[in-house]
Amino acid sequence: MPLPPSARIAVLGAGPTGLEVALTGRSLGYDVAIYERGETVAANILQWGHVPLFTPFGMNATPLGIATISATEPTWQPPNDDNCITGAEFHRRYLTPLANSKLLAESLHLRTEVLSVGRSRWLKSEGVGNSQRSEDTFRILLRDGSGAERIVEADVVIDCTGTFGNHNWLGQGGVPAVGELNAQSQIEYGLPDLMGKDHNDYLGKHTLVIGAGYSAATVVTQLANFSREHQNRETRATWITRKAHSGIGPISRIPDDRLASRDELAKQANQLAAESDGPVDHVPGTTVSAVEYRSASDDFFVELSGERTGEFLFDRIIANVGYRPDNRIYAELQVHECYAIGGPMKLAAQLLSRANEGSAVDCLDQTACGPESLANPEPNFYILGGKSYGRGSQFLLAIGYEQVRDLFTLITGREDFKLKK
């Protein structure tokens with residue numbers, strides 16, 4: 001059922017997708033509030049801000065966003081559409097001006113964490129399949145930067161909180177390695193800034209790198225460059241990957257890759273893995289069984305299993321093992337989640353079907369799955385952006401923006417919905 005313009009929309013998370021949701025809602029005249037726990041919008045992007053995006057700026061901005069910034073700041077100049085800028089530059093040159101625009105500034109609530117979302121008069125187990133749930137308001141528990149809590153209500157809730165920061169575990173089978181729970185505060189699960197603020201933490205250190213994706217490839221290439229630039233052979237990495245040796249390298253290259261920087265990264269990482277006397281020692285078919293952080297010596301005692309078995313000492317651990325959604329926010333709502341990837345079921349089923357057909361080898365070949373893929377058993381509750389892909393790693397910002405269009409097709413009831421600029 002289409003929602004009237006008086007409907008209150010709560011957007012959880014002020015990343016790129018969340019900002020686009022809020023911007024579209026405000027442009028249509030809806031009462032929109034955006035809740036972001038960080039000190040700034042898209043705070044997670046700044047944690048890897050030194051890393052360039054694979055995709056060019058033209059894929060990561062929208063006509064509505066550009067028009068909105070230009071209306072607020074007439075002298076603003078966007079990056080060139082074909083430039084692959086860093087996360088920090090994307091934040092500074094696009095997301096920050098967008099958040100400061102006239103349409104969004106008054107709707108944005110920073111340093112505000114969403115703790116839980118439920119219905120005002122229904123428990124999770126009540127009213128299964130009952131359309132009257134849609135007539136009830138959402139009840140949202142918030143906590144501000146001072147620790148004070150309050151309740152707000154909304155007619156529509158859109159969860160765009162992403163997955164970054166909710167890391168997977170490095171142990172075999174996805175289970176935490178023995179001791180990992182105690183040591184996790186000392187393990188780096190992201191992308192350290194080796195050439196910047198994290199320089200001294202890794203110079204002259206032996207780092208254990210875990211993972212077989214582009215994040216791990218970024219880390220090992222940066223560590224190798226770091227070692228060679230400083231001519232410091234003590235700066236080195238042992239890189240373990242779960243799968244056995246394939247003969248083609250740990251990072252799968254995409255034939256005729258349209259993203260040159262992505263292909264170059266894969267090529268460099270595979271070359272490093274093949275070197276016999278370089279700064280990177282690649283060990284396939286190996287996992288972490290146990291880990292202990294020793295604060296007195298500031299190092300890790302690690303037990304490895306597989307092709308390399310034994311007990312080893314490392315100065316640092318970088319675990320690029322992926323991320324997962326945090327579903328505790330909506331634990332009191334009726335959300336059907338996929339048993340395999342943890343995303344909303346309708347969307348996950350389509351994504352898995354495409355993957356099984358081999359039609360989504362390259363994330364650039366994706367298209368959004370349509371409005372109905374966003375619907376949940378809980379009326380007027382939606383999950384968009386990276387979180388909608390669960391543990392999947394194929395998400396692109398361009399897909400998130402398509403999801404926003406599909407979302408407002410549902411909210412407005414207009415099958416031909418297209419926001420006028």
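User: What share of the contacts between residues at least 6 apart in sequence join residues at least 24 apart?

Analyst: The share is 69%. Keep in mind that this is a predicted model.

User: What makes the radius of gyration agree with a compact globule?

Analyst: A compact globule of 421 residues would have a radius of gyration near 22 Å. The chain has 23 Å, so the two agree. Its C-alpha atoms fill a box of roughly 65 × 50 × 50 Å along the principal axes.

User: Which elements does the chain have, and how many?

Analyst: There are 11 helices and 15 strands.

User: Why is I210 called buried?

Analyst: Buried means under 20% relative accessible area. I210 has 8%, so I210 counts as buried. Across the chain, buried residues make up 49% of the 421.

User: Where is I210, and which residues does I210 touch?

Analyst: I210 is in strand β8, which covers residues 206-210. Leaving out residues up to four places away in sequence, I210 touches L170, I240, V288, I317, I318, A319, N320 and V321. Contact here means heavy atoms within 4.5 Å.

User: How far apart are I210 and V283 in sequence and in space?

Analyst: They are 73 residues apart in sequence. In space, their C-alpha atoms are 9.9 Å apart.

User: What about the surface and the charges?

Analyst: The accessible surface comes to about 19,900 Å², and 48% of that belongs to carbon and sulfur atoms. The chain has 39 positive and 51 negative side chains. The centres of these two sets lie 3 Å apart.

Note on methods: Residues are numbered from 1 along each chain as its sequence is written. This is a predicted model: local features need pLDDT of at least 70, side-chain atom pairs count only at pLDDT 80 or more; totals for chains, interfaces and linings use all residues. Side-chain values use heavy atoms; hydrogens and water are left out. Helices (H or I, at least four residues) and strands (E, at least two) are DSSP runs, numbered from the N terminus. The radius of gyration is taken over C-alpha atoms; the globule rule is 2.2 Å times the number of residues to the power 0.38. Buried means under 20% relative accessible area, exposed over 50%, partly exposed in between (1.4 Å probe, protein chains only). Accessible areas come from the Shrake-Rupley method with a 1.4 Å probe; for residues, only the protein chains shown count as cover. Lys and Arg count as positive and Asp and Glu as negative; His and the chain ends are not counted. The place of a charge is taken as NZ of Lys, CZ of Arg, CG of Asp or CD of Glu.
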